[in-house]
Amino acid sequence: MLSPRVYWLCPHETLRYEEVPLLIEAGAEVIPNYGHQIFLKYYKDYNNEDHKLYPPWRKKCTLPSNIVEKIREIKLWEKKGEVTDEEAQLINRWIDVIFVATYPDILENISKWYQGYTVFRAFGWNDGITSYTEVTKRLKIDINDLAGRDKYVWCPILNSLGEREDFRLVTNKFYLNAFVSSERLGYKWKGKDSKLLISTLASNLDSYYEENLIFRNMFQSFIEKFKHIPFLVLGKNSKNTAEEVCDKVLGYVDDNVFYSTIAESRVFVYFGLGSNYHLHFTPIEAISMGVPVVFLKESGLAQEARNYGINNEELKKIGMCSSMDEIEKLIFENINNFDRLEEIAYGQSKVFGKIFSRKAALLKAKKFFIEIQPYIKEHRKIEYKKPIDFIKLESKALQGLSIQNDLPSHRGERIIFSIEEVNGVVGKLVYDYKGRFIARRVEKNLDSPGLIIANYLGRMEPGEYAFTVELNNFSEYKGSIGDLSVGVWNPQFKVISSQNVSNLKAGRNIVRLVVSISSESSDAVKEINFLWNGAHTCELSRVIVEKVR
């Protein structure tokens, strides 16, 4: 199967962490968009490629990095999908599929110029807006313009989202269910060691609270009914603004605080946005952690289960309630009944574990990519018809990476990469007693095999260079620990020089790789990699680049 090249326009940190690796595993190359700050005001590390929630998509992408970055820098969010002719030509040439999140106006504008598959990634609405069909009417969008193309695809995150939509909008359905990875969460329910505490979710209180009457009434009812039991409100909120609504609002907190708070809670309450057609990730995450979740009948959680064939009587047995009064009754009767709470948690894991399954989502994604293969094969022929010159690296490219642009330019000049400047995928940074980074350590049987060096390099004058890697080794090791290589992108990645690293002595080891840079590859994007095989523990202390000829 040819790998479809997907441009992913869905500015949501959790979804990106979960969905981008899944699409890659399903056979695609995925290029995530930079996003837009209006959607990411609480995600300060959204484009930090060293952050634990940033998916390692670059290693599966075969496009030259300059093309990738030029595409990513096109401001599709800011301009609502409108582009110049040159930008349209660039994306049409190199991208097979665009995933567009939830906004019909952006999708409409993209559909005017984009020739590949447009996948409308629908997440649903609250009851202030009943459907995407209603949104298109409000925005005066002709659905035929939006969904009339043969390469338009309706891709809901909830199977039930199409129930209230115009039939034209839900054609070519590719249902990709929500799912979460338990390893991302890092916590499990404390059970009998949990606190007498209820946690709940209410994001964007500064907007939803004023705009959505149903949500406002539910939230006020929750506050009133549980004022005699400690509770905390999680979600993306400004604490200063939200305190005017409720003093139990934590405000935006980091992941450790967020998930540990849920895991330590006796119960998690989910009332959503008062709609069957919207669902947050948080209740699925709580269920994945084994936390008992009490949820409303009118919620995306309940509706998705009904759509799956689970009736309301069965859902009542595992925590569903018809009203806030029922939630209050269920919790007050069972807040210290751990047998009942464990029964609810177990039942939810059995039911919702099947509905929100990563394995199921992976099979659906694979099926979709197989179905569009005829187009991918034809489009791939067109991509490489035009000649491709060596691509020059611009200073604005490769945002967020550790890039060394000031490489040595004359014989005898040396540039030292400190460990802070060396990008790596595996291992952990080691500090000295003053808190300075001194090495990146990879440990046998602890770290997975992978790249301990993964750095892009800019312009290099033609000539011969020595790349020297300093390794600290705790004991003598005769075998191989991996391969050091330097390569160039044009347009695919090609290794210029490589060396197996083996026969390490105890203490400091020097590994030297000599690389010849031709005049043709001088301006091209280059990359230095050190692929560690996991066989032996060692530390990388620094990388030195010297122009020797």
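Hi everyone, the protein here has 18 helices and 20 strands. Helices are DSSP runs of H or I with at least four residues, strands are E runs of at least two, and both are numbered from the N terminus. Please keep in mind that this is a predicted model, where local features need pLDDT of at least 70, side-chain atom pairs count only at pLDDT 80 or more, and totals for chains, interfaces and linings use all residues. Residues are numbered from 1 along each chain as its sequence is written, and side-chain values use heavy atoms, with hydrogens and water left out.

Let's begin with the whole protein. Of its 549 residues, 57% are buried (under 20% relative accessible area; exposed is over 50%, partly exposed in between, with a 1.4 Å probe and protein chains only). Taking contacts (heavy atoms within 4.5 Å) with a separation of 6 or more, 73% are between residues 24 or more positions apart.

Now for two helix pairs. Two packed helices are described by the angle between their axes and the distance between the axes. Axes here are lines fitted to C-alpha atoms over the stretch in contact, and angles run from 0 to 180 degrees between N-to-C directions.

Helix 2, residues 65-72, and helix 3, residues 85-94, have axes that come within 10 Å and cross at roughly 125 degrees. That makes helix 2 oblique to helix 3 (under 35 degrees is roughly parallel, over 145 roughly antiparallel, 65 to 115 roughly perpendicular, and the rest oblique). On the helix 2 side, Ile67, Lys70 and Ile71 meet Glu86, Leu90, Ile91 and Trp94 of helix 3.

What about helix 1, residues 13-25, and helix 17, residues 358-371? Their axes come within 9 Å and cross at roughly 50 degrees. Helix 1 and helix 17 are therefore oblique to each other. Helix 1 brings Pro21, Leu22, Leu23 and Glu25 to the contact, while helix 17 brings Arg358, Ala361, Leu362, Ala365, Lys366 and Phe369.

To finish, two glutamates. Where does Glu520 sit, and is Glu520 buried or exposed? Glu520 lies in the loop between strand 18 (507-517) and strand 19 (526-532), and Glu520 is exposed, with a relative accessible area of 55%. Pro462 is 58 residues from Glu520 in sequence, yet their C-alpha atoms are 8.3 Å apart.

Glu326 belongs to helix 15, residues 324-334, and is partly exposed at 33% relative accessible area. Between the C-alpha atoms of Glu326 and Phe295, 31 residues apart along the chain, the separation is 10.0 Å.
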